[in-house]
Amino acid sequence: MNEKIEKCLATLDAAGVQYKFAEHAKADTIDDVLALGLPDTDKVAKNLFVRDDKKLNYYVLTVRQDKHVSLRDAQEKMGSRKLSFADEEDLNSLLGLAKGSVTPLGYMNDAAKKVKFVLDAEFKGQTIGVHPNDNTATVWLAADDIVALIRKHGNFVYYLRF
């Protein structure tokens, strides 16, 4: 287990969050995760790191893994300027994450509290599976616990129906 995963799990432990954890081969995409044969793959989320056209607002969109996300629809529902995928340099500088490791748990690395987190409303009250800041593991926990942790950290977070 690497340092990023250890730090993430230590933060969850310190907050008293209950979770299940599995290490696995590197999984850069949701299809890679699903191919691993992990338990509860129906609860594993797809995460997109996007930004507005002025690079003023950055978002992690966390949706059910079987959903297609239209950035145009998301921008309308969020009341945002035009959205596009953010680059890996921004992902690393803002959340300390590498491509393929996008997760709402990246809030832990966002000292500037610049990134906004938007979770699919279907996860409310449900278990969600996400990377613990590295794509060689998955952690399953209550989505509501993630939302509470992000709020406590000071980042903007909300549920949205995609």
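## Helices over the sheet

Let's start with helix H4 (residues 88-95), which lies across E2, E3 and E5 and runs at about 100° to E2. Helices here are DSSP runs of H or I with at least four residues, strands are E runs of at least two, and both are numbered from the N terminus. Contact means heavy atoms within 4.5 Å. The axes are lines fitted to C-alpha atoms, for helices over the stretch in contact, and the angles run from 0 to 180 degrees between N-to-C directions.

Helix H3 (residues 71-78) lies across E2, E3, E4, E5 and E8. Against E4, H3 runs at about 130°.

## What you're looking at

This is a predicted model, where local features need pLDDT of at least 70 and side-chain atom pairs count only at pLDDT 80 or more, while totals for chains, interfaces and linings use all residues. Residues are numbered from 1 along each chain as its sequence is written, and side-chain values use heavy atoms, with hydrogens and water left out.

## The sheet

Five strands make up an open sheet, and reading across you get E4-E2-E3-E5-E8, with mixed pairing. The edges are strand E4 (83-85) and strand E8 (157-160), each of which pairs on one side only. From one strand to the next, the twist averages 35°. Strands count as paired if DSSP finds at least two bridges between them.

How many of the seven residues of strand E3 are buried? Seven of the seven (residues 58-64) are, so E3 is largely enclosed by the rest of the structure. Buried means under 20% relative accessible area, exposed means over 50%, and partly exposed is in between (1.4 Å probe, protein chains only).

On one pairing, E3 meets strand E2 (residues 45-52) in the antiparallel sense over seven bridges. Arg 51 stands opposite Tyr 58 in E3. The E2 and E3 hairpin has five residues between the strands, and there Lys 55 takes a positive phi near 55°.

E3 also pairs with strand E5 (residues 115-120), this time parallel, through five bridges. Along that pairing, Tyr 59 stands opposite Lys 116 in E5, and Thr 62 has Leu 119 of E5 as its bridge partner. As a general point, side chains in a regular strand alternate between the two faces of the sheet.

## Salt bridges around Asp 40

Searching the whole structure turns up seven salt bridges. The test is a side-chain nitrogen of Lys or Arg within 4 Å of a carboxyl oxygen of Asp or Glu. One of them joins Lys 20 to Asp 40, with the closest N and O atoms 2.5 Å apart. That pair links distant parts of the chain: Lys 20 sits in strand E1 (residues 19-23) and Asp 40 in the loop between helix H2 (30-35) and E2, 20 residues apart.

Asp 40 also meets Lys 43 in a salt bridge (3.8 Å, N to O). Lys 20 is partly exposed at 43% relative accessibility; Asp 40 is partly exposed at 26%, and Lys 43 is partly exposed at 26%.

Glu 122 forms a salt bridge with Arg 64, and their closest N and O atoms are 3.6 Å apart. This pair also links distant parts of the chain, with Glu 122 in the loop between E5 and strand E6 (127-130) and Arg 64 in strand E3, 58 residues apart. Glu 122 is partly exposed at 35% relative accessibility.

Which residues are linked in a network of salt bridges? They are Arg 64, Lys 67, Asp 120 and Glu 122.
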